[in-house]
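Welcome! Take a moment to look over the sequence and the 3D view, and then we will walk through a few of the details together.

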Amino acid sequence: MLHFHGENVIDLRVNGRDVSVKVRPADILLTVLRRQLGLTGTKIGCENGDCGACTILLDGWPVKSCLMLALEAVGHEITTIEGLENTPIQNAFVEKEAFQCGYCTPGFIMVCHALLQHHPNPGDGTIESWLQSNLCRCTSYQEIKDAVLSAVNGNAP
Ligand code: FES
Ligand code: FES
């Protein structure tokens, strides 16, 4: 079993790059991404696992980075919103005007990208089920669903 005390330098793989960061055992992945690596597209919302604003991909699966220690990410492939530039789903969000506020949008794009990787042709029920991990109280999710369907029809994910 590994034991960590005080600050430790760990290696992470983020958006296809190997980086080293100095972390304490209790540092969550969310704050390490933002404060040490400058990847501020991952947002701090509830810090409680509820809102999805902090969603990143870990080995291709959406994970709430406020619920994960940075140490736990060693050996895994991390993708943040900065790593999804010019992906079909990002372009579909623009095309369908599915972008909402800067807080919820990155998390929604992350979860929709992962959805398309794991379900290339999702039905309504699958889309709705995946979107339950992210919250926006301001508007409907219709444009987001339209963006997912547009990415399905227009581009191979
Ligand atoms: S900040 Fe992580 S789920 Fe809200
Ligand atoms: S929380 Fe972002 S638009 Fe509602």
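How many salt bridges does the structure hold? There are 5 salt bridges in this model, which is a predicted one. Let us begin with some of them.

Arg13 forms a salt bridge with Asp18, and their closest N and O atoms are 3.0 Å apart. Arg13 also forms a salt bridge with Glu77, where the closest N and O atoms are 3.4 Å apart. Glu77 belongs to strand 5 (residues 77–79) and Arg13 to strand 1 (residues 8–14), so this pair ties together parts that are 64 residues apart in sequence.

Asp18 counts as exposed, because its relative accessibility is 61% and the cut-off for exposed is over 50%.

## Another salt bridge

Asp27 and Arg24 form a salt bridge too, with 2.8 Å between the closest N and O atoms. Asp27 counts as buried: its relative accessibility is 13%, and buried means under 20%.

Strand 1 has two faces. Asn8, Ile10, Leu12 and Val14 make up the covered one, while Val9, Asp11 and Arg13 make up the uncovered one.

Strand 1 pairs with strand 2 (residues 17–23) in the antiparallel sense, over 7 bridges. In this pairing, Val9 stands opposite Lys22 of strand 2. The hairpin of the two strands has 2 residues between them, and Asn15 takes a positive phi near 50° there. Strand 1 also runs parallel to strand 5, joined to it by 2 bridges. Here Arg13 stands opposite Glu77, its salt-bridge partner.

## Helix 3 under cover

Which residues of helix 3 are buried? Helix 3 is mostly covered, with 12 of its 14 residues buried. They are Thr105, Pro106, Gly107, Phe108, Ile109, Met110, Val111, Cys112, His113, Ala114, Leu115 and Leu116. The cover over these buried residues includes strand 3 (55–58), strand 4 (61–64), strand 5, helix 2 (88–95), helix 4 (124–131) and helix 5 (142–154).

The length of helix 3 (residues 105–118) can be checked too. At 1.5 Å a residue, its 14 residues should span 20 Å, and the C-alpha atoms at its ends are 20 Å apart, which agrees.

Terms used. Residues numbered from 1 in each chain as written. Chains lettered and ligands numbered in written order. Predicted model: local features only at pLDDT ≥ 70, side-chain atom pairs only at ≥ 80, totals over all residues. Heavy atoms only, no water. Salt bridge = Lys/Arg side-chain N within 4 Å of Asp/Glu carboxyl O. Buried < 20%, exposed > 50% of the residue type's maximum accessible area, 1.4 Å probe, protein only. Helix = DSSP H or I, 4+ residues; strand = E, 2+ residues; numbered from the N terminus. Expected span 1.5 Å × (residues − 1). Contact = heavy atoms within 4.5 Å. Pairing = 2+ DSSP bridges.
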